[in-house]
Each structure stands twice: as C-alpha cells, then as structure tokens.
Amino acid sequence: MNLSCGIVGLPNVGKSTLFNALLSRQVADAQNYPFCTIEPNTGIVEVPDERLEKLAKTSNSKKIVPSAIKFVDIAGLVKGASKGEGLGNKFLSHIRETNLVIHILRAFEDEDIARAGSESPEDDYEIIVTELCLADLSTLEKQKEPKGVADKEMKAKWEVIKKIKTELEKGMPARDVELTKEEVILIKDLNLITLKKEIIVLNVSENELSRKDEILKKYSKWDPIVVSAKVEEDLIGLTVDEKKEYLKEVGIDSSGLEKLIKRSHETLGLVDFLTTGEMETRAWTIQAGTPAKEAAGAIHTDISNGFIRAAVTSVEDYVSHNGWKHLKEKGKVRFEGKEYEVKDGDVIEFFHN
C-alpha cells in the first residue's frame, strides 16, 4: 500500500543518523513494491516478521518476501518554518504528502553537538507542534465561508473548519479535536498536518539505553519509542548473531528501529496476511478490516474477481501440522467466504475461478 511515514525533527536531534540506519534495512528489490520512484530522502524498509521464516522452513520456500513500509526524511524544521524560515516551505509540502508523522526528539546530552533552540524533549516537541499548528491555521484561514444558497455539505464543512480553527489557535493539534468520522471526511481534502497520526521517538545516548524503562515511564504521556541513533548506526553491517551480542552489551534485547518500523505499520492501521508454498513465503499488506474478497486483490485482481472461498489457518497450526495437506486431513482449516474480515497473521490459500 502506498502509505508513508514522515520523519521530522529540529537540527542536531539525530534524525539523519536514524534515517541512514533505516536505509541500511531497505529492501534490495525495492522496485517490486508499489511505491513512487525512490528519491535520496526516501527508503522502503522491510517490516520485521519472524513468522515468515517459520512458514518458509515448513514449506521449503525458495524465497521470503516481507511486507514493506516507506519512510521519508523530511527537510529539517526550525522555529518559524510556518512562515518560510529555513526550508519551511519545502518541509511543509513534503510532510503534507505523508500519512504518519514521526517526531525525533533529542533526549541525549553531548556538549559537542549544539542544541537548536531547545533544552528538552518537551521543548523540541512544542516547537514542532506549534509550527505545524500555525501551518494548518494558515490553510484554514484561506477557506471562505459559504454564502448564499450553499449546499448542506459546504455548510457542514465550514462548521468543522471553525471548530478546528478555534482549537488550533489555542495550540491544540487537529488530531486532538473531538471529530466524528463524517467530520473528518468533510475536511479530508484540506490535508491538515496535525490531523495525521504521530509517533514520538526519544533519541538517547548509548549509555542511557539501560535506563530505557525509566525513560519510558518519565515520558509515558507520549507512549514513546526509545532509540539510540548511535547504537542503530553501529548495528549496520553486523550479522544477526553479532547484533544480538551487541544489543546485549548495551542492555537491551531488540533494536529500537525494529520497534519503530512495527509501530509505524500498526499505527497506519495496516495488517499482513501470509501466503506460503515452495516458490515463496510472502506477507501481503492490507488495511485492517478488509474483507477476504478485497484482500485477495492484493495478490492479483483476477483472484478477487473470481473469488470462491479462502482457506485460513494460523502460523502455529500450519507449522505444527507441516503444511496445508495435513491441516486439511485433520480438519484444522477454516473455509471463509468473501465477507470474512482478514486478520493480521492469517495464513491464507485463496480458491478462485
């Protein structure tokens, strides 16, 4: 699915270092994914999924194809970006094109790296959110109140605009304004930045990773992800065993970037169903709540058009019964119709004309 995550942050917060670490995870055969042309500030990254390896081993698959997600390194933000300061205009145009905003906040101390007008993660966040609220205010101020014989939809849209504008003026992002689904649809074409979902990432030093739980508790209001850009940079090029050993040395059990990739996937409302066989084991990305007939179209439109039914099982059952043949013999397969809501981790075999 052509959804992307925009990485934003003030200068010197470690944004570029983290993005470069993400690029090291970029899929080798990126052109096989339905995204726009890859630019220098864009990376298509594999979503870590240990389930695929289990399935592939059982099916003796020749290759594994994980799902992928696109990250965009947005031009650096500075105070005054909403008025065109720094690369403000470029920053705002790029972030409007993304579906999820990832805030990188500086939570490390280093006298050799200057702070760019902030003293704490809270300051970083406040500066960024203020600029984004001002940018959205600018968008809303360009909207004109419908006059004369305006239709009901135009009038309803104007009421939503007024509601959001009032809160933006108080510094409240649009995502925190209480809106109905219908109201969100009415203003979708305005592409408000602060209406996008967000993830907070705290960039800490290598030595502070062992205090991760303490840091998470301190900033629990954000439900952040704690990452060390320095550690993620050091992991580039290491083997799986070397990575495990290094992570153990710094006091953590998994890469912060892996958690960020998975969280981004989930926050965008995406789930993966899995297919497996001798040719390949693959994850297919769909929106949560997608019915089986529509999900089949992720593989090929012909499968969706000729949909008959779907054989569904879990990774655990597929592995423990050594594949489809024994699963069917034991009656461990569910056969679902076109309205079945596909779940994350479903292993599926589609039957079609």
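Two strands are taken to pair where DSSP finds at least two bridges between them. In this predicted model, strand S1 (residues 4-8) and strand S5 (residues 100-106) meet that criterion, with four bridges in the parallel sense. Within this pairing, Cys 5 has Leu 100 of S5 as its bridge partner.

S1 and S5 belong to an open sheet of six strands, ordered S2-S4-S1-S5-S6-S7, in which the pairing is mixed. Strand S2 (42-46) and strand S7 (225-227) form the edges, each pairing on one side only. Direction ignored, neighbouring strands of the sheet are turned by 30 degrees against each other on average.

Two helices were examined against this sheet. Helix H1 (residues 15-23) lies across S1, S2, strand S4 (68-73), S5, strand S6 (197-203) and S7, and runs at about 150 degrees to S4. Helix H4 packs on the sheet through S1, S5 and S6, its direction making about 145 degrees with that of S5.

The largest nonpolar core comprises 69 residues, of which Phe 71, Ile 102, Ile 164 and Val 201 touch the most other members. Helix H4 (residues 121-141) supplies the largest share of this core, nine residues. With neighbours within four places in sequence left aside, the contacts of Ile 164 are Leu 140, Ala 174, Leu 179, Ile 187 and Leu 192.

Definitions and conventions
Residues are numbered from 1 along each chain as its sequence is written. This is a predicted model: local features need pLDDT of at least 70, side-chain atom pairs count only at pLDDT 80 or more; totals for chains, interfaces and linings use all residues. Side-chain values use heavy atoms; hydrogens and water are left out. A nonpolar core is a set of buried Ala, Val, Leu, Ile, Met, Phe, Trp, Tyr and Cys residues joined through side-chain atoms within 4.5 Å. Buried means under 20% relative accessible area, exposed over 50%, partly exposed in between (1.4 Å probe, protein chains only). Contact means heavy atoms within 4.5 Å. Axes are lines fitted to C-alpha atoms, for helices over the stretch in contact, and angles run from 0 to 180 degrees between N-to-C directions.
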